[in-house]
There are 4 protein chains.
Amino acid sequence: MIILIQCRDQVGLVAAISGVLAAEQMNIVSLREYVDKQANHFFMRVEVEEGEEVPELQQRLQQVLPPDAVVQVNPQPQKRIVVLVTKEYHCLADILIRNYFQSLGATVQAVIGHYDTLEDICRRFDIPFHKIEVPSSSRVLFEQQVEDLVRQYEPDYIVLAKFMRILSPEFVAKFPMRIINIHHSFLPAFAGAQPYKQAFERGVKLIGATAHFVTDHLDEGPILSQQIIPVSHSATTADMVKAGKEIETAVLARGLRLVLEDRVFVYGNKTVVFE
Amino acid sequence: MIILIQCRDQVGLVAAISGVLAAEQMNIVSLREYVDKQANHFFMRVEVEEGEEVPELQQRLQQVLPPDAVVQVNPQPQKRIVVLVTKEYHCLADILIRNYFQSLGATVQAVIGHYDTLEDICRRFDIPFHKIEVPSSSRVLFEQQVEDLVRQYEPDYIVLAKFMRILSPEFVAKFPMRIINIHHSFLPAFAGAQPYKQAFERGVKLIGATAHFVTDHLDEGPILSQQIIPVSHSATTADMVKAGKEIETAVLARGLRLVLEDRVFVYGNKTVVFE
Amino acid sequence: MIILIQCRDQVGLVAAISGVLAAEQMNIVSLREYVDKQANHFFMRVEVEEGEEVPELQQRLQQVLPPDAVVQVNPQPQKRIVVLVTKEYHCLADILIRNYFQSLGATVQAVIGHYDTLEDICRRFDIPFHKIEVPSSSRVLFEQQVEDLVRQYEPDYIVLAKFMRILSPEFVAKFPMRIINIHHSFLPAFAGAQPYKQAFERGVKLIGATAHFVTDHLDEGPILSQQIIPVSHSATTADMVKAGKEIETAVLARGLRLVLEDRVFVYGNKTVVFE
Amino acid sequence: MIILIQCRDQVGLVAAISGVLAAEQMNIVSLREYVDKQANHFFMRVEVEEGEEVPELQQRLQQVLPPDAVVQVNPQPQKRIVVLVTKEYHCLADILIRNYFQSLGATVQAVIGHYDTLEDICRRFDIPFHKIEVPSSSRVLFEQQVEDLVRQYEPDYIVLAKFMRILSPEFVAKFPMRIINIHHSFLPAFAGAQPYKQAFERGVKLIGATAHFVTDHLDEGPILSQQIIPVSHSATTADMVKAGKEIETAVLARGLRLVLEDRVFVYGNKTVVFE
């Protein structure tokens, strides 16, 4: 069982929380704690051994904590996700494979795209694929259709697996901190479109990828995971795109795992990640 | 202030410990906890904000914990180290530089070697250098001289910074978990002498280094830190030795930092490292 | 077009080879050269721009080179592979995805296993799956069946994608330097079975994987690719297995890419890899 | 002996160059070649075994190459460098250590700073330290003094080892592609001042460093080397600065090694690095 708590920091929080758990004879398997001293904010993640159900645990914890405390006990164990795609397959295929072999930590409910390029791979895994029929140039109608399609699956998270359309602040506001994107760059370098072209022209020796929550500001949401790979002068833009696919796949997989294992707090524009 | 606790695991340990701290109005800055389920053993590291001295804190913690608990409150802030060397300079020079600029987290009391190759660099930093005059073939006398030299400086840790002589179990037993070695290999691969020659002949694509505590069994003590670097087919043994120096320096520096910041528990033949 | 040459080293080899290419007005896109000074052996890989076919290029190169020279001009562009598996899916699934999206650099002809666990995933990708019916305890008959199944597909390479049976020297001798294995360890550390259990007990801070050609000696063939990931004290054997799957998949994918792009020479028990 | 050649690409360059070497019975130890197809430019680095002096080798090579060819034979074996610093010691100390142990591939002629913080460490290594007496606010006079100090040592390269003053385009133009800087960021992310503060506020999960040649445009010169290290949410700006020092030191050391071993071509705003 996993317990996530965040609140204003004060003396005695760990004692208060662990006191409640000890009174219930709950054995702590793992405890991670962090205090943001600048913001005076406290974060804690506790894993306790499975035992009898403790029906009022959340209330009991809430009672010993400050009024602003957000307490989550055992967040929904199997999450539901919907994946948005364009034409590139690498991130989607990785998610479908993990979903099929039940190692994703979530179930893929559906895939939504504005091309039909990836319909066949979804069909092979018996995952519903929906093609958005509205052209993306009609942004309001386009996003309305996306929203309608997404909502029928009631997902916990929407994953943008190389979805090459910008979602409006209005759309994003409907799913706060529930949209996860993979950006094909080591942000904040090369934000925006064509990062590999930019990287090639700048002659960088590393390229990277960033998984992040989507907020109003393009490519500026809280970062979940980043990684890089070395590139040499001999890498063309096409080579960088190819190498980038490997790193994008790995970084999105890791970002998703962290979120789906309830290891991430979002606070301001940053994340606290208890690995 | 740092508090390190280890004991047999049982329900309520975190509550007991944090309860004592809360009663003293001590604010927890950082708390790391780990339970080895196989061994049923509990480890905790707490950093609390500096405040008034709490004279009987250790006893109060001991009172609420099982009898086997080992509690360390605020371990000796500035450690003392003695460095043993042969001829290679890279690890020693790194330690001397950090010592000189007060970023080592310890003070280097002396350097001891069985050649005088590194005497000059020590002199330049005003660090006493002692040459062992007994030949290392007379192991008992050799180690007796090392021990005599070491003991006069009362070091917390003895650092083998490319000390190319094997210390006997008898010597090691006198400084249990207080001798830190850098091994020029990603252990357990290529234990023993000439690891780079072995690595070259095996055609490996990575070489590494390992910082570890020294125990009776050669190259088998608890591991503190490991890292690798890629090598290609074109690397000769000499190239690997050269590249190895960079990684050895970095790995020993990291292992030392972890120990000197009181982030390491030793348990059985393994370490618990709270980074 | 790719040209691979190896022979005894002598003065003038590059001039001789490039002279032939220049006479044909062939433009060199990329040239990599390596001389093993210990073995006095020369290796060269040249990529030239596609142009008109040069029918007797191989002979012309052979004429200007020492008699022991092995010259390959434009090795078979699309290779054929057969994959052997047991129950673990991660490496196979990665290969199937790349095959499906035509980014593998080879075509998967068939998958052969001694359990039917992975039959369904193959069926979904329209790849023939053959179950070996002979129990692996009857090694001679077991291997005969594997050989019969493999041979009907005339593969360039046989990929052991977590195939957990040891192939006999007799079998291996029939496919010299054509069997590629992924070993779940950073060889030579933890050769043999249960490397993650060994790694856990040793308390290592890194785990790795190795892609290599299979030779008579278990886990000792020429190494293609190796990589590692850090692990902490809190990783159980199961956690290491899980993390290991990610690194195994990536390392095998890289090793395969290098072989399929004709970037690898094998010489003695080592590889020359021109990335 | 090392030969560096760059020129407009055309068919037959490798044959022409290697033909000259073969005629002189020169044995090629290592040959690296790259063609920038977009720019139609050819780069080659050849290492040949030491033998008798070949007095007119450069002319002979020049004769068989296009008129625009730049041919360097055996560039000055031991380079001379001057180091500019402010107050941070880590990069300077690493250079001084390598210089002292003759593993730098160059000799440090002098260190120039606008504080006297690092005078003592230079004195300990018998390296002249010059304090710039003109305040950096008087840019013209300040740079004149720097130039005067630098010029008396006739350095091949000027190394900015955490020199926290911006040099004017006029100054830079006097030493084209001869000034090497370490930037405390993974460029182009966080160009400019206070990159760690920016990184902290952005909540990045990696920080990096970049070694580059200095050109007119701040932080935009050709990149030599880049590397990153992971950071977690718990890293404060001060922690990032501390971790950054390690990576800065390593990246500058690597960038310098590449330049001093004659492994770098500069072309446009990019480098070709033959490792």
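## Two chain interfaces in a predicted model

Across the interface of chain A and chain D, zero salt bridges turn up under the rule used. Keep in mind as you look at the structure that this is a predicted model. The A–D interface does have polar contacts: 15 residue pairs, both members at pLDDT 80 or more.

**Chain A against chain D**

Let's start with the elements of chain A that take part. Helix H7 (195-202), strand S11 (223-230) and strand S13 (270-273) of chain A each bring at least two residues to the side that touches chain D. Which element gives the most to that side? It is S11(A), with six residues. Sorted by class, the side of chain A that touches chain D holds 15 nonpolar, ten polar and six charged residues.

How many residues does each chain put into this contact? Chain A gives 31 residues and chain D gives 31 residues. Between them, chain A and chain D bury about 2700 Å², and 61% of that area comes from carbon and sulfur atoms. On the chain A side, A:Arg202, A:Lys205 and A:His233 are the ones to find in your viewer: they supply 26% of the area that chain A buries against chain D, more than any other three residues.

**Chain C against chain B**

Now for the other pair. Here 31 residues of chain C meet 31 residues of chain B. The area that chain C and chain B bury between them is about 2700 Å², with 61% of it on carbon and sulfur atoms. In chain C, the residues that lose the most area to chain B are C:Arg202, C:Lys205 and C:His233, together 27% of what that side buries.

Three elements of chain C each supply at least two residues of the side that touches chain B: helix H7 (195-202), strand S11 (223-230) and strand S13 (270-273). S11(C) provides the largest share, six residues. By class, that side of chain C consists of 15 nonpolar, ten polar and six charged residues.

**The two interfaces in a table**

| Interface | Buried area | Polar contacts |
|---|---|---|
| Chain A and chain D | about 2700 Å² | 15 residue pairs |

Key. Residues are numbered from 1 along each chain as its sequence is written. Chains are lettered from A and ligands numbered from 1 in the order in which they are written. This is a predicted model: local features need pLDDT of at least 70, side-chain atom pairs count only at pLDDT 80 or more; totals for chains, interfaces and linings use all residues. Side-chain values use heavy atoms; hydrogens and water are left out. Contact means heavy atoms within 4.5 Å. Buried area is the accessible area (1.4 Å probe) that two parts lose on being put together, summed over both. Helices (H or I, at least four residues) and strands (E, at least two) are DSSP runs, numbered from the N terminus. Ala, Val, Leu, Ile, Met, Phe, Trp, Tyr, Cys and Pro count as nonpolar, Asp, Glu, Lys and Arg as charged, and the others, Gly among them, as polar. A salt bridge is a side-chain nitrogen of Lys or Arg within 4 Å of a carboxyl oxygen of Asp or Glu. A polar contact is a pair of N or O atoms within 3.5 Å; within protein, one must be able to donate a hydrogen and the other to accept it, and residues adjacent in sequence count only if both atoms are side-chain atoms.
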